Amino acid sequence: MEQHSETFLDNASAALKNSAQAERRDVIAAFAPLIRSAAIEGFDEFDNLRKHIKRVRQHSLDHLEYYLGQFEYQAVQNGNHVHFARNSDELNSTVLDICQQHDAKRIAKGKSMVTEETGLNAFLQSAGLEVMETDLGEYIIQQAGETPSHIVAPALHKSADEIRELFQSKHDLGPRELPETVDLVSEARDILREHFLQAEVGIIGANALIAENGYSMLVTNEGNGDLCANLPRVLIVCTTIDRVLPLAQDATAMLRLLVRSATGQAQTCYTSFYSGPRRESDLDGPIETHFVLLDNKRSDILASDYREMLECIRCGACLNHCPIYSSVGGHAYGWVYPGPMGSILTPLLTSLEQSSALPNACTSCGRCAEVCPADIPLPDMLRDLRHEENSQKLSAGRWRLGLKVHAWLARHPKLYHALTGLAISTLHLFGHKRGSFVRLPMAGGWTSQRDFPAPQGKTFMQQHQARLKRIARQQNEH
Amino acid sequence: MNEPDREYSSPPRGKRVALFVTCLADLFRPSVAFASIKLLEQAGCEVSVPLQQTCCGQPAYNSGDYEEAVPLAQQVITMLQDADYVVVPSGSCAGMICHHYPKLLEGVWRERALELAAKTFELTVFLNDIAQIKPSKHKPSHNISSVAYHDGCAGLRELDIHDQPRQLLQKLCGIEVSELQQSEVCCGFGGTFCAKMPEISGKMVDDKLNDVLATGADMLAGGDLGCLLNIAGRARRLGEKIEVRHVAELLYQDLDTPAIGEGD
């Protein structure tokens, strides 16, 4: 997917100016945390399960090669083909090869952030294939020519009115009202149903790969994943190497955290396990099945200080609880993964140069880490990325210099107290009457949004030292 | 010969507490530090103010300049090592000392950081939970009708500060806090964030201010000057009449000094 993270601040600015969308984001930001907390309130196991999943994920990553090997062996035993792709190009061309081998023209595709990452749709379309997204959210943004704004709810940014307008212009079905949301859903369903039946290849993602039995697990609320997996002749599951878990019970344990954290449900409407192609006794199912497992820098992340990021289970809770994500929306981040998890993943999967603003889009408020079911220290990792930016001199020179001067001064208390005393007295002199400044040199960022409160008078240290001297003098006099 | 600096400003009475004033209180609002000293003394503590103190190192640390933050952390650790308790009138600076110094430092310094962390408390936590301050005999001189409270993020999530300021306001001043709808959401200060990403920060502080105004309170109190300068600055910009004060001023009933951002 094309990246626009470099212009994060401009993207954010444009997003903030779109008041209709900003208002909708505010509503969602107030609502999403409530449904999560309601789901977790009555679920006493949450904290213990979180600790358990942390250990499971750490163990899986510590022995990733072993479990990937086991998964591959088991999956092949089940009759699957397993492919490993080092990068986006390899995944895309592997998928295209499979499609071409089957002379496929039409693809039914389930929601997959991994294939957003690799730009699979555009690649297949440029080879002449017709690719239809079948997750309702993905279908909407595909029709609109847009990209996902949320990893769980890709069309979160679109209102029902916008979707109605879109369907009326894109679906050649004559004049119709589509007054209710349910009318929109059923129209999309009719169109998609046709496509499921015609597609020669189905492509889906996976929430987990299970090493012990070679299955993949997928959760959806629409059942579209199952139709993609079962109706076309060929199934291709695209996911990344870090999704592998040792046991089926690990996957189901993760599920209990994932769904509550993502949508506030105890379970999604559909939870499916895919084993492989149809057997002789089966009446339906694909005749050929493939796994394409993408690395795309995951091995580098595994070897780095950011390996915990691979424990992410893609629930989107950090997005839903991030005040910056809810202020600017997912598109501002300029790539596939937005919000706190995206501000870490984007620099790691693309480059820090291209996405240097993202780790700064954080007030270290800690709300993301508080709700993260994988217990990933997201604010710490964002700060570590800022440390890298600082070391590589990617951050603005004037900020680096300013902070160095401040830190140097702070290491020289006498000079610090003298200079700050002087500066504060001056500020007080000019500001005490009104109490705050509308404009101030070198504080343009601050004063563009708010007044700069004036200091009360002398610094505390000046007053305190004067007081100590006074006491000493009085004691000398006695 | 010069008289040596005397660090102790009050006679010994009980717990020896070193006050870490914080740079924002030192520079912008000394009344917070004075109120803190009085409250600690009221709680029976012997208060000292180490004279070497400047900044806890958060600006450098949060901006990713760990190399500059390390010597500042070491300076603070050395300065405060002899105190029985260290009290900080800011959740974010106390969080820096308690949670981030041990992450930032290694080896012996990490050990020393953990020792300091174990005896460092945010002001309202210390007054309420450790020193268990009693109400003073004087009746509150000011009649404050309604106060909203802003929970700073670091205090709330790193130090579990939530009930302590509310209990103190109840106990010492008879104030029941009016709660914000979105009390767990950041005000958009975030240290250098507010200056690096002003538009986003502006949106966030607007949301916070609207939440505060919706309570109908005449005053906003909080435990972190960074947040309070941010919210008060936005209120001033929009001409909203809300008095913004640090919780220490309110607890000490020092309400004659102009509120944050207000003129003489």
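Visitor: What conventions apply to numbering and to confidence?
Guide: Residues are numbered from 1 along each chain as its sequence is written, while chains are lettered from A in the order in which they are written. Side-chain values use heavy atoms, without hydrogens and water, and in this predicted model local features need pLDDT of at least 70, side-chain atom pairs count only at pLDDT 80 or more, and totals for chains, interfaces and linings use all residues.

Visitor: What area is buried between chain B and chain A?
Guide: The contact, meaning heavy atoms within 4.5 Å, takes 74 residues from chain B and 71 residues from chain A. Buried area is the accessible area (1.4 Å probe) that two parts lose on being put together, summed over both. Carbon and sulfur atoms give 58% of the area buried between chain B and chain A, which is about 6,400 Å².

Visitor: Which helix of chain B gives the most to the side that touches chain A?
Guide: Between the two chains there are 30 residue pairs in polar contact, both residues at pLDDT 80 or more; a polar contact is a pair of N or O atoms within 3.5 Å, where within protein one must be able to donate a hydrogen and the other to accept it, and residues adjacent in sequence count only if both atoms are side-chain atoms. Helices are DSSP runs (H or I, at least four residues), numbered from the N terminus. With nine residues, the helix of chain B that gives the most to the side touching chain A is H11, residues 198–214.

Visitor: At what N to O distance do A:Lys17 and B:Glu199 meet?
Guide: A salt bridge is a side-chain nitrogen of Lys or Arg within 4 Å of a carboxyl oxygen of Asp or Glu, and the rule finds eight across the interface of chain B and chain A. The side chains of A:Lys17 and B:Glu199 meet in a salt bridge, with an N to O distance of 3.6 Å.

Visitor: At what angle do the axes of H1(A) and H11(B) cross?
Guide: Axes are lines fitted to C-alpha atoms, for helices over the stretch in contact, and angles run from 0 to 180 degrees between N-to-C directions. The axes of H1(A), residues 8–17, and H11(B) come within 9 Å and cross at roughly 35°.

Visitor: How many residues apart are A:Arg24 and A:Glu162?
Guide: A:Arg24 forms a salt bridge with A:Glu162, the closest N and O atoms being 3.4 Å apart. The pair links helix H2 of chain A with helix H9 of chain A, and the two residues are 138 residues apart.
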